[in-house]
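I opened my notebook to look at how this protein is put together. Here is the model I worked from.

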Amino acid sequence: MLLAGGTGVVTQELLKDALKYGKCFVRNGNTANYIPELQRVNKYQLGICAVGFDGDLPEVVEVGDSRVPFTIQSISKIISLILAVRDRGPDYLFHDKVGVEPTGDPFNSIVKLETKSRPFNPFINAGAIAVASCINGTSADEKFDRFLELTRKLCNNKEISLNESVYQSEKETGDRNRALAYYLKASGVLEGDVEECLDLYFRMCSVSVTALDIANLSAVLANQGKCPFSKEMLIEPHSAKAIRALMLTCGMYDGSGEFAMSVGFPAKSGVGGGIAVPLVGRMGIGVFGPSLDEKGNSIGGIKMLEFLSEKLDYQLF
Ligand code: DON
């Protein structure tokens, strides 16, 4: 049993009920079809994990496919942002490189790049590519090693590594991201070599994680940047706060407003089927469900979170 700040209780029974409810919707969606390696995944998988840190020892509750590996995809945008803010400072990053406003457009949209001097926010592809170009390091390898080291710490899992076949698949089919990156280079936003930056971006998206790993990452964000297991400060508190705010307004792409109304938690999704949810001062939730809606968000995952938000005494709205 996991105590959620004394006001709501997440038990294995509750998660089982959420899973049962979420499973009813999975058939309505599909795996990401624009990356062949993601399309091949079994869309009927679904799992959820919660890591609470109210007491001295963090508690883990999980059901379903919570230990099945999937690629982190856009949830990596949280981790690259932590690094870039650390390397360049929040003023430079959020002023010169990306904004902090939702777009209302799909995550891979190009349409607003011509009308604004920088991408609207760091969670759309254009914004994340600009952010990736701000990570310090002498080569893509060195930058990716820094990303991987931080990911392993945030997820409390030293085994986390790259899914090579998804990485190759991303690279082969990533022309839209290439178009975004070259446009950003031409307008002076993207720093350094375009192909090196894209290679880093593709690799960061292709790191393999589980719902348990994502719950641990979410718990660090919910705990103001401190890992509830190692007690190490892993994220500067100002970054953790900015990221949670961005998750609320931009984390589910052009589905962020609807998600805020139906669930009311900060969240960040990825097209691998993951969703990260930090509940401040209480717990981190990680979800895996690769059947996606038309906006690229996990259908079963959203439904499980809707169920939990109804049952828990913890909504923002
Ligand atoms: O850039 C891409 O197309 C993907 N590798 C990541 C996008 C993603 O996860 C969007 N998520 N909902």
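My entries on the domains, their interface and the ligand follow.

**Ground rules.** I am working with a predicted model, where local features need pLDDT of at least 70 and side-chain atom pairs count only at pLDDT 80 or more, while totals for chains, interfaces and linings use all residues. Residues are numbered from 1 along each chain as its sequence is written, and side-chain values use heavy atoms, with hydrogens and water left out.

**Interface.** How many residues of domain 1 are in contact with domain 2? I found 38, and they meet 37 residues of domain 2 (contact means heavy atoms within 4.5 Å). Together the two domains bury about 3,100 Å², and 72% of that is on carbon and sulfur atoms. Buried area here is the accessible area (1.4 Å probe) that two parts lose on being put together, summed over both. Thr71, Leu246 and Tyr253 supply 19% of the area that domain 1 buries against domain 2, more than any other three residues.

**Polar pairs across it.** I counted nine residue pairs in polar contact across the interface, both residues at pLDDT 80 or more. A polar contact is a pair of N or O atoms within 3.5 Å; within protein, one must be able to donate a hydrogen and the other to accept it, and residues adjacent in sequence count only if both atoms are side-chain atoms.

**Salt bridges.** The count comes to 15, and two of these cross the interface of domain 1 and domain 2. The rule wants a side-chain nitrogen of Lys or Arg within 4 Å of a carboxyl oxygen of Asp or Glu. I looked at lysine 153 and glutamate 232, whose side chains meet at 3.4 Å, N to O. Next came glutamate 236 with arginine 86, with the closest N and O atoms 2.7 Å apart. Glutamate 236 sits in the loop between helix 10 and helix 11 and arginine 86 in helix 3 (residues 76–88), so this pair ties together parts 150 residues apart in sequence. Helices here are DSSP runs (H or I, at least four residues), numbered from the N terminus.

**Ligand.** For tyrosine 201, a polar side-chain atom is 2.6 Å from an oxygen of the ligand. Glutamine 73 has a polar side-chain atom 2.6 Å from a ligand nitrogen.

Terms used: Helices (H or I, at least four residues) and strands (E, at least two) are DSSP runs, numbered from the N terminus.
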